Amino acid sequence: MNSPTDMTSHHRHLEHAREQVVELLSRQALELELLARSSDNRNQDVVAQLTARQHQAALAQRLHRFHPADIAFALESLAPDAREMAWDLVRPERRGAVLLELSDSLRRSLVGSMEPSEISAVVRTLDSDDIADLVSSLPDDLRQAVLEHVDRADQAEVRAVLSFPEDSVGAMMDLDYVSVREDATLEAVHRLLRRKKPLPAHTNELIVVDRNNTLRGVLPLDKLLFEEPELEVSAVMLTQPTYFFTDDRDRDAVDAFEKYDLISAPVLNLHRQVVGRITVDTVIDEINERAQAESLRQVGLSEEDEDLFAPPVQSARKRWPWVALNLLTAFISSRVIDAFEPVIAQLVALATLMPIVASIGGNTGNQTMALVIRGLALNQLGPKQLRTMLLRELAIAGINGAVWGAALGAVTFALYQDWKLACVIGGAMLLELLLAATAGLLIPVVLQRFGRDPIMGSSVMLTATTDSMGFFIFLGLAALVLVHH
């Protein structure tokens with residue numbers, strides 16, 4: 001068994017090899033571009049082309065030793081020209097596995113540039129549930145092109161998986177599972193498994209069904225191995241396993257896997273018949289995709305922005321609404337400051353202290369908003385819970401505002417020897433934190449109430465609120481306390 005040190009050394013070696021491949025592909029793409037522009041010496045061109053082919057053969061051999069996930073990582077790290085070159089070096093029988101590891105936007109781009117024969121070679125190597133996962137993120141025209149190259153035997157299963165809503169358990173289930181009858185002996189099950197192909201990945205239990213394929217329980221592999229062979233499955237199986245229906249929400253399945261430390265679980269249709277299973281690798285992929293998507297949506301980006309080398313004009317257009325919103329809110333903040341220009345003119349220190357209040361408020365609001373979004377995702381926040389959470393967050397903001405407002409006031413007094421200014425910034429800090437906590441709770445809740453994604457752009461809206469109101473609170477207090485009329 002490998003020690004942790006050996007595993008760490010292996011990962012470092014893999015990362016180094018992957019970085020080398022990315023660097024070599026990028027360099028070779030540049031060399032080919034320069035070669036295409038120059039036509040001075042034909043002999044030099046021939047030599048350069050031979051050298052490039054040797055490099056490509058060596059790179060193809062190195063890519064073949066990579067796991068599909070590492071190839072996908074390399075592709076996402078390359079500029080378009082180098083990416084196209086790398087994709088050409090991936091062997092056809094491995095392209096399907098690599099596509100499954102890519103982001104949706106890059107997957108659509110690569111499949112869209114493939115010929116029908118290449119698509120056929122890709123889908124031929126995949127199981128039906130993997131094909132469904134592949135085509136689910138593609139546009140309708142590409143989806144039909146891929147399905148036309150699927151074997152007839154697999155088409156029904158693929159279409160069945162695609163018929164489920166994207167956020168349902170049915171859409172993420174694995175169709176490959178092993179089932180046994182409850183009246184079979186453990187010895188008979190042993191013989192069955194020896195005759196079958198290798199067990200499906202992440203099989204820690206066999207699904208027990210009756211003649212109608214209705215779920216009766218599950219048989220853990222440890223019981224199969226260690227109980228007496230003459231015992232029947234019904235005598236050792238678990239009769240109350242965790243299972244899901246095809247129309248259950250994928251979020252519920254993810255929560256159950258996290259809560260109960262599951263490795264796999266049966267999936268049933270409305271007649272309680274087994275139609276598939278969910279495995280831990282699918283759940284982990286779902287968790288990672290959700291985390292990445294939420295981090296993008298919180299700042300107003302979509303999953304298509306994951307491609308770091310997408311055309312700038314295309315990416316810029318997608319960001320225009322949020323740039324416009326930022327411009328509007330920044331203009332509002334500037335009008336707030338302009339309204340208090342006479343106040344700032346009388347006491348220049350206000351201009352240096354304004355950003356402190358706004359930035360602290362944004363941080364507090366983001367902390368509250370993160371908790372609220374998590375609570376909404378887990379369905380933990382009803383009206384009563386929201387009121388309790390609002391009071392709790394206001395209490396926390398009040399404590400922090402009082403403590404750190406006093407600290408900031410003391411520093412301000414030490415710098416400017418003005419106790420009124422110190423009181424103003426201390427009070428502004430307290431009010432700003434209370435406002436930020438309220439905004440951090442209300443923004444995602446209001447977005448959800450209006451049928452919008454509570455994550456999409458919430459961070460942008462919170463920043464706009466805390467900035468403009470922070471300036472207003474601070475300068476307003478200063479106008480009341482400091483300015484001599």
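How many residues lie between S5 and S6 in their hairpin, and which residue in the turn has a positive phi? Five residues lie between these strands, and arginine 272 in the turn has a positive phi of about 65°. The model is predicted: local features need pLDDT of at least 70, side-chain atom pairs count only at pLDDT 80 or more, and totals for chains, interfaces and linings use all residues. Residues are numbered from 1 along each chain as its sequence is written, and side-chain values use heavy atoms, with hydrogens and water left out.

The protein as a whole contains 22 helices and six strands. Helices (H or I, at least four residues) and strands (E, at least two) are DSSP runs numbered from the N terminus. Of the 485 residues in the protein, 40% are buried. Buried means under 20% relative accessible area, exposed means over 50%, and partly exposed lies in between, with a 1.4 Å probe and protein chains only. Among the contacts (heavy atoms within 4.5 Å) with a separation of 6 or more, 68% join residues 24 or more positions apart.

Strand S5 (residues 264-268) pairs with S6 in the antiparallel sense over five bridges; two strands pair if DSSP finds at least two bridges between them. Strand S6 (residues 274-279) is mostly covered, with five of its six residues buried.

Just after H15, aspartate 261 takes a positive phi of about 55°. Aspartate 261 belongs to the loop between H15 and S5, and its relative accessibility of 65% means that it counts as exposed.

Another positive phi in a residue other than glycine occurs at asparagine 213, where the value is near 65°. Asparagine 213 sits in the loop between S2 and strand S3 (215-220). Its relative accessibility is 24%, so asparagine 213 counts as partly exposed.

The loop between helix H12 (186-195) and strand S2 (205-209) holds threonine 203. Threonine 203 counts as buried because its relative accessibility is 15%. Its side chain reaches the backbone oxygen of proline 200 at 2.6 Å. Such a polar contact is a pair of N or O atoms within 3.5 Å; within protein, one must be able to donate a hydrogen and the other to accept it, and residues adjacent in sequence count only if both atoms are side-chain atoms. Not counting residues up to four places away in sequence, threonine 203 also touches Leu221 and Arg277.

The interior is considered next. A nonpolar core is a set of buried Ala, Val, Leu, Ile, Met, Phe, Trp, Tyr and Cys residues joined through side-chain atoms within 4.5 Å. The largest such core has 53 residues, and those with the most contacts inside it are Leu25, Leu75, Trp87, Leu99, Val111, Phe244 and Ile278. Helix H4 (residues 80-89) gives the most to this core, with five residues. At least three residues of the core come from each of domain 1 (11-90) and domain 2 (179-289); these domain bounds come from an automatic or database domain assignment. Apart from this core lies another, of 26 residues, among them Val336, Val357, Ile473 and Leu482.

Leucine 25, one of the residues with the most contacts inside the largest core, is in contact with Leu59, Leu78, Ala82, Met85, Ala86 and Leu89, leaving aside its neighbours within four places in sequence. In helix H6 (residues 104-112), the residues Ser105, Leu106, Arg107, Leu110 and Val111 are buried. The buried residues of H6 pack against several helices, including H4, helix H5 (92-101) and helix H8 (128-136).

Helix H8 contains serine 128, which counts as buried because its relative accessibility is 7%. Beyond its neighbours within four places in sequence, serine 128 is in contact with Asp154, Glu157, Val158 and Leu175.

Arginine 374, by contrast, is exposed, with a relative accessible area of 52%. Arginine 374 lies in helix H19 (residues 349-377). Its C-alpha atom is separated by 9.9 Å from that of isoleucine 455, 81 residues apart along the chain.
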